[in-house]
Amino acid sequence: EDAVQAIALISGKELFDGRIYNVLTTNATVHDIIDAIRGIVPDLEVTLVDAEIMNQLSYEVGFDRFGEHGYTPRGSLAEGVKETIGLLAAAHHQE
């Protein structure tokens, strides 16, 4: 939903200025995502490993620039995970 809202905003305001606009619903951690999936799949088994990551960059992004044009995220991580799992389950059953 947020992606569609973003596309409509970009098109409506003609934000074709060559700048980068981050479109996001939330900055979620790996643990946030695991918790959201567990809300749908309670018996989910996850093994976290202590391994060196590819880089030390922060992946938290801001959407201030986009927000200045009226973008306000409306979605939720939990609902997005629920919808995605539903779509994956439906695709699996069609095989």
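## The nonpolar core

The largest nonpolar core of this predicted model has 6 residues: Ala 6, Leu 9, Leu 15, Tyr 21, Phe 66 and Tyr 71. A nonpolar core is a set of buried Ala, Val, Leu, Ile, Met, Phe, Trp, Tyr and Cys residues joined through side-chain atoms within 4.5 Å. Buried means under 20% relative accessible area, exposed means over 50%, and partly exposed lies in between (1.4 Å probe, protein chains only).

Which residues does Phe 66 touch, not counting those up to four places away in sequence? Phe 66 touches the core members Ala 6, Leu 9, Leu 15, Tyr 21 and Tyr 71, and also Ile 10, Asn 22 and Val 23. Contact here means heavy atoms within 4.5 Å.

## Basis of the model

Residues are numbered from 1 along each chain as its sequence is written, and side-chain values use heavy atoms, with hydrogens and water left out. Because the model is predicted, local features need pLDDT of at least 70 and side-chain atom pairs count only at pLDDT 80 or more, while totals for chains, interfaces and linings use all residues.

## Overall form

The protein has 4 helices and 0 strands, in the order α-α-α-α along the sequence. Helices (H or I, at least four residues) and strands (E, at least two) are DSSP runs, numbered from the N terminus.

The radius of gyration of the protein is 17 Å, whereas a compact globule of 95 residues would have a value near 12 Å. This radius is taken over C-alpha atoms, and the globule rule is 2.2 Å times the number of residues to the power 0.38. Along the principal axes, the C-alpha atoms fill a box of roughly 45 × 40 × 25 Å. Of the 95 residues, 13% count as buried. Among contacts with a separation of 6 or more, 79% join residues 24 or more positions apart.

Gln 5 is found in helix α1. Is Gln 5 buried or exposed? Gln 5 counts as buried because its relative accessibility is 15%. Gln 5 touches Gly 70, Tyr 71, Thr 72 and Arg 74, not counting residues up to four places away in sequence.

Glu 14 lies in the loop between α1 (2-13) and α2. The phi of Glu 14 is near 50°, a positive value in a residue other than glycine. With a relative accessible area of 62%, Glu 14 is exposed.

## The surface

The protein exposes about 7800 Å², of which carbon and sulfur atoms supply 55%. Accessible areas come from the Shrake-Rupley method with a 1.4 Å probe; for residues, only the protein chains shown count as cover.

Val 30, Val 46 and Leu 48 make a nonpolar surface patch of about 260 Å². Patches are made of residues with over 30% relative accessible area and no salt bridge; like charges are joined within 9 Å, and nonpolar side chains (Val, Leu, Ile, Met, Phe, Trp, Tyr) within 5 Å. A salt bridge is a side-chain nitrogen of Lys or Arg within 4 Å of a carboxyl oxygen of Asp or Glu. Val 30 lies in helix α2 and is exposed, at 55% relative accessibility. Leu 48 is in the loop between α2 (30-38) and α3 (64-67) and is exposed at 52%. Val 30 and Leu 48 are 18 residues apart in sequence and 9.9 Å apart in space, C-alpha to C-alpha.

Tyr 59 also has its place in the loop between α2 and α3, and Tyr 59 counts as exposed at 59% relative accessibility. Tyr 59 and Asn 27 are 32 residues apart in sequence, and their C-alpha atoms are 8.3 Å apart in space.
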